[in-house]
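Reader: I am new to this structure and would like to learn how to read its features. Could you take me through a few of them?

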Amino acid sequence: MTGNHRNTTITRRRALAVTGGTVAAGGLAVAGYQSAFADTTTEAAADATGTATSSSGTCMTLMSSVTEGPYYLDNALVRKDITEGKSGVPLTLRLTVVDATDGCTPVSGAAVEIWHCDAWGYYSGYTTANPGGSAPAESEDGSTANDQTYLRGYQIANANGVVKFETIFPGWYTPRTCHIHLKVHTGGQKEDGTYEGGKVNHTGQLFFADAIAEEIFTLEPYSKHTGTYTQLADDMVYDGGGASSGLLTLEPVHKSDPSKGYKGFLTLGVDPDAENTGAGSGGGGGEGGTPPSDAPTGTPPSDNASPSASPSS
């Protein structure tokens, strides 16, 4: 498997994407993880995450904002489940937004926005962009997903700063490692099924351990995409900083069957007063990075287009 998907030609290009960041301590992520998954069958467990992180004596700060990449679209829907029927290994994300400048207190009402590719490396809105290697056409997956909105969405943080998403494990595209994009917004509000106004406090990316990603890529439908998968050490964005650089803590739903899915956790330490203004639509932006050299060839939706999928909580 590793030989089929490993990319050894892109070495240490991640230096292009990182402008620096600070890490006060990594203990916050551990404490939050233990609380988040003590009882994963209830929403109370997710709420406990915020309690644990806000009471911790130390605080982790994420790396400086990085590129939003070339696949960003406005008007993502506010909803918990962003799959829209896209097939793949289930992934439950529990993210906790805390104020890194104020003792890791929860940032209630923060909007976390995520977007990522499907199992074959395609993004909604850019479904004709070649993911690299050899993959079936995006339309061949048999889903009924809206090709303008799938695998994109917002969630609004509860009183403990916690958001939860139901999605699938992302695939990969050349020349990037497996990842999820995210933005943290504050000051806006839900309107017409999406999130309007406010400001972006952080633009970042979430990452996955190589061993887990490579195991998943042997499964259907991921295995139909063959080629050179870029590992973390060779990625142009991930800087090797672990949780402080966006590396998710992952727990399998079933220890002996990865196809049953994973739960992923990370605490997002941000400055709610800061505004990340560097990210432009479809460009590198976000400070510290450039989009992949093979910029997408797909045509994004019109700026005036409205999401057609029904929003859900």
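Predicted model: local features only at pLDDT ≥ 70, side-chain atom pairs only at ≥ 80, totals over all residues.

Reader: What is the strand order of the open sheet of four strands?

Author: Strands are DSSP runs of E with at least two residues, numbered from the N terminus, and two of them pair if DSSP finds at least two bridges between them. Here the order is β4-β3-β6-β7, with antiparallel pairing. The edges are β4 (152-156) and β7 (194-207), each of which pairs on one side only.

Reader: How many bridges join β3 to β4?

Author: Five bridges connect β3 (residues 111-115) with β4; in these, valine 112 stands opposite glutamine 155, and glutamate 113 has tyrosine 154 as its bridge partner. In a regular strand the side chains alternate between the two faces of the sheet.

Reader: Is β4 mostly covered or uncovered?

Author: Buried means under 20% relative accessible area, with a 1.4 Å probe and protein chains only. Four of the five residues of β4 are buried, so that this strand is mostly covered.

Reader: Is threonine 230 buried or exposed?

Author: Threonine 230, in the loop between α4 (210-216) and β8 (249-252), has a relative accessible area of 0% and is therefore buried. A polar atom of its side chain lies 3.0 Å from the backbone oxygen of proline 175.

Reader: Why does glutamate 68 count as buried?

Author: Glutamate 68 counts as buried because its relative accessibility is 1%. This residue lies in the loop between α3 (43-55) and β1 (90-99), and its C-alpha atom is separated by 8.3 Å from that of lysine 183, 115 residues apart along the chain.

Reader: Which residues line the second largest cavity?

Author: Rolling a probe the size of a water molecule over the atoms shows where empty space is left. A cavity is a set of points, on a 1 Å grid over the protein atoms alone, where a 1.4 Å probe fits but cannot get out, and lining residues have an atom within 4 Å of a point. The second largest cavity is lined by Lys86, Ser87, Asp118, Ala119, Trp120, Asp141 and Pro221.

Notes: Residues numbered from 1 in each chain as written. Heavy atoms only, no water. 1 Å grid on protein atoms, 1.4 Å probe; cavity = no way out; pocket = protein on both sides within 12 Å on 5 of 7 lines; lining within 4 Å. Buried < 20%, exposed > 50% of the residue type's maximum accessible area, 1.4 Å probe, protein only. Polar contact = N/O pair within 3.5 Å; in protein donor to acceptor, adjacent residues only side chain to side chain.
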